[in-house]
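Have a look at it first, and then we'll walk through it together.

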Amino acid sequence: MTKFALRALPVALLSLTASLAWADEIPNNTVRIGEYWVFYHTSGSALSGPFIPPGEDLTVTVKNVQTPYLAYLRRLSTHFTAELAFGIPPLTKTYGKGPATLAGTVPYNGQELSSARWFAPTLSLLYMFFDESYALRPYIGAGVNYTAFFNRNSTPAGDAAAGGPTRVELPSSVGPSGTIGLSYRLPHNWSLSASYSITRVITHSTAITAGVVRSSDVSFGPQAFVAAVGYSF
Amino acid sequence: MSKLRHLSAAIAAAVLTACGSDSTTSTVASSTTHGTLVENPPFRTASLNAASFAAQLSANTTGAQLLQITGTPTCGVDFYYIKFWTVGGAGESTESSGALMVPTGAAPTCSGPRPIVLYGHGTWVDQTGNMADIVNYAATNDENLMVAATFAAQGYIVVAPNFAGYDISTLGYHPYFNAAQQAGEMIDTLAAARTALPNTMSSATSDSGKLFITGDSAGSNAAMATQRALEAAGQAVTAAAPSSGAYALEAFGDAIFFGSVIYGSPEFAPLVTTSFQRAYGNIYSATTDIYSATYATGIATLLPSATPIDTLIANGALPASALFDSTTPTVTIPGNAILSAELTAALAVPSNPANPDTPLFEAGFGNPYLINNSYRVSYALDAASNPDGAVPTPTAGVPLAAVAPTQTLRLALYKNDMRYGDWAPNSPTLLCGGDQDPEVFFSVNTGTMAAFWSGLPAGLITVLDVSATPAGPFAPIQTAFQQAGAAQLAFYMSAAGGSLTLAQAEALLVGSYHRGVEPFCALAARNFFSQF
């Protein structure tokens, strides 16, 4: 027996066990609750606007976050399910990336400049492999993400780097999202799931400090791992 | 379904819990009353500690020379960009901008209650000049660095308007030498800065209540007019130290129109005539009344400009130096052949070989030229009818300022002359400058004011000529200025400086004299202020 077959055996046994317990009636609704681990891959244009020293490439990075995951899934057919998923809006922190100091002796690189909460629901169409008789079903999905930013705050370090109290504007983003995952059915309508998704979130960030407006295009490139438990009804 | 409802409620509660408010930026004033700070707190353009400021200055030749004059910074400096409401030369409500430079640091002279230096900048032809921008400092002729190094880095809070017509101002012209406007704007800047100061990121530094007023060149008129306005309003001025200023405007105008053409005059003329035309509306009906057809079109809105002055000259918008026609006008005064002949002779191209300034004055004549002969004659006739007591030489027994000129430009100069209204300062005043100044004649301006105020109590007015034989408390500054000039001359004559002849090197020095005086007079002002 190959190593692959040895590894696949326990999974197949679990799947068979669960499928035997599955009732005749297939629930159409599922809610999931779990945890998001979001990994940002930030890129973007350098900050532009008045009072930026020539030749300085001022960008930002975003610290990875973890937040509760919530989703509602609606079974459409044997193989297709719609999923509306989002996380409890995480507080996402932005850090300066560039010169050690700015505008003289104001610390910049590595400083926590701002924070914002993200409300980022994603509506996806999932293709479920196998049929309902299988407890373990891998799936892939594609959808659209809407991200709205709120609680947009400049920190004291951000204010110092920007030159004063700063209002941060981050317009909402709409972008595609792709996901790959596994769901495993448990007895009594419960299930476990895990997935990994990639989403495009691009916004035009604007910092307004005492009438001085500076901006940049930022692509956050979030990738998220989710582990959740579900209940179907 | 009940479970779903509970879950939905939990989700909604979680989202709502996360809701809060966004951070805000400065408050924008709703009032447009003059002196109102627009954004509070203001924008900080830079923050340097003493060491980094010294390093930044040392990084280029100009800054390194400045450091030698002003001394090593003892304080850091926070630069704030303030915007405020003021009034233009014709009473227009307009937004303007400037700099608030705040000393910072642990030294006792760098924080806590500190005196304010209110500074008026000299003539800028660059419309983009901004005293708060230490990156693009060249647009200010390096004045912002000079002021920061001389005053702010030594513990003085500096307040310096850019003036209406520059930077963000949409006024469309600069109220150049408009004493009432310039004083008003200086005071508006001070009011805005005082509003801003407690709310800045440098709030450990506060206003001690001491107010010193200074400025350079055209900014010296603004400074002196401000001193006059504040004293008239009963507000305390601790001391003032304008430098290289054109205070005796009418006498200065007379000297120029009678042939003592100053260095750089084609740049100054449009600024003056546009300012007074906007203020009084009677300087000309059409620009061709004053200006030759070669340059009249568009000259009323030419300066200040975002286009470099050299480009404007190269494009034919202005002559390089020819203010007047090299063809001498013939003055005809009916029934007075003698005066006609005297005036005609007085308007001839200067040619006295014994006068070392003759080459400078000659350069002010040519063809094409800026100002028409007919306009020059109208000015000269008024000067002959209503002579200024200070030119060509101060006349004993004659009031120093003219009585009621009638020629409109001359009348405008008269109204904005610091002798107008017989004003004299109440607070100690240092008048600094250089006697060899080819742009703002020292004797005609500083000398005239010193004579005008010669009857004031001893010690109230101090005159410093940095080109004079070193003597008195300012001798080290005079010596340093003269040594710097000698060093510059030697440099021009060295291989590195181009191996110029003495005459060529001296001619180059003429062009840099006026600005060369500036940091030495600023240092003298600081030393003067330190007594109070």
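What follows is a tour of the two chains, of where they touch, and of what sits inside them.

First, some housekeeping: residues are numbered from 1 along each chain as its sequence is written, while chains are lettered from A and ligands numbered from 1 in the order in which they are written. This is a predicted model, where local features need pLDDT of at least 70 and side-chain atom pairs count only at pLDDT 80 or more, while totals for chains, interfaces and linings use all residues.

How confident is the predictor? The model as a whole scores ipTM 0.88 and pTM 0.92.

Let's start with chain A. Its secondary structure comes to two helices and 17 strands; helices here are DSSP runs of H or I with at least four residues, strands are runs of E with at least two, and both are numbered from the N terminus. Of the 233 residues of chain A, 38% count as buried. Buried means that 20 or more other C-beta atoms lie within 10 Å of the residue's own, exposed means 12 or fewer, and partly exposed is in between, with C-beta atoms placed from the backbone. Now for contacts, where two residues count if their C-beta atoms, placed from the backbone, lie within 7 Å. Among contacts in chain A between residues at least 6 apart in sequence, 70% join residues at least 24 apart.

Now pick out some strands. Strands of a sheet pair through backbone hydrogen bonds, either parallel or antiparallel. One open sheet in chain A has four strands in the order β2-β16-β15-β12, with antiparallel pairing. Its edges are β2 (43-44) and β12 (166-169) of chain A, each of which pairs on one side only. Four bridges link β12(A) to β15 (residues 202-209) of chain A in the antiparallel sense, and Arg167(A) stands opposite Ile208(A) in β15(A).

Elsewhere in chain A, have a look at β10 (residues 122-128). Which of its residues make up the covered face? They are Thr122(A), Ser124(A), Leu126(A) and Met128(A), while Leu123(A), Leu125(A) and Tyr127(A) make up the uncovered one. β10(A) runs antiparallel to β5 (residues 80-87) of chain A, joined by six bridges, and here Thr81(A) stands opposite Leu126(A). β10(A) also runs antiparallel to β11 (residues 136-154) of chain A, this time with seven bridges; Ser124(A) has Gly143(A) in β11(A) as its bridge partner.

Next, the place where the chains meet. The contact takes 29 residues from chain B and 30 residues from chain A. On the chain B side, α1 (2-18) and β3 (43-48) are the elements that give two or more residues, and α1(B) has the largest share, seven residues. By class, that side has 14 nonpolar, nine polar and six charged residues. Here Ala, Val, Leu, Ile, Met, Phe, Trp, Tyr, Cys and Pro count as nonpolar, Asp, Glu, Lys and Arg as charged, and the others, Gly among them, as polar.

On to chain B itself. Its domain assignment gives domain 1 (46-248 + 420-529) and domain 2 (249-415), with bounds that come from an automatic or database domain assignment. Taken over C-alpha atoms, the centres of the two domains of chain B are 27 Å apart. Where they touch, 30 residues of domain 1 of chain B are in contact with 31 residues of domain 2. On the domain 1 side, α14 (442-452) and α16 (502-529) of chain B each supply at least two residues, and the largest share, five residues, comes from α14(B).

Helix α7 (residues 249-257) of chain B is mostly covered: nine of its nine residues are buried. What covers them includes α8 (265-280), α12 (373-385), α13 (408-415) and α14 of chain B. After α7(B) comes Gly259(B), with a positive phi near 110 degrees.

Finally, look inside. A nonpolar core is a set of buried Ala, Val, Leu, Ile, Met, Phe, Trp, Tyr and Cys residues joined through C-beta atoms within 7 Å. The largest one has 191 residues, of which Ala99(B), Val158(B) and Ala524(B) touch the most other members. α16(B) gives the largest share of this core, nine residues. Domains 1 and 2 of chain B both give residues to this core, so it lies between them.

How values were computed: Two strands pair if DSSP finds at least two bridges between them.
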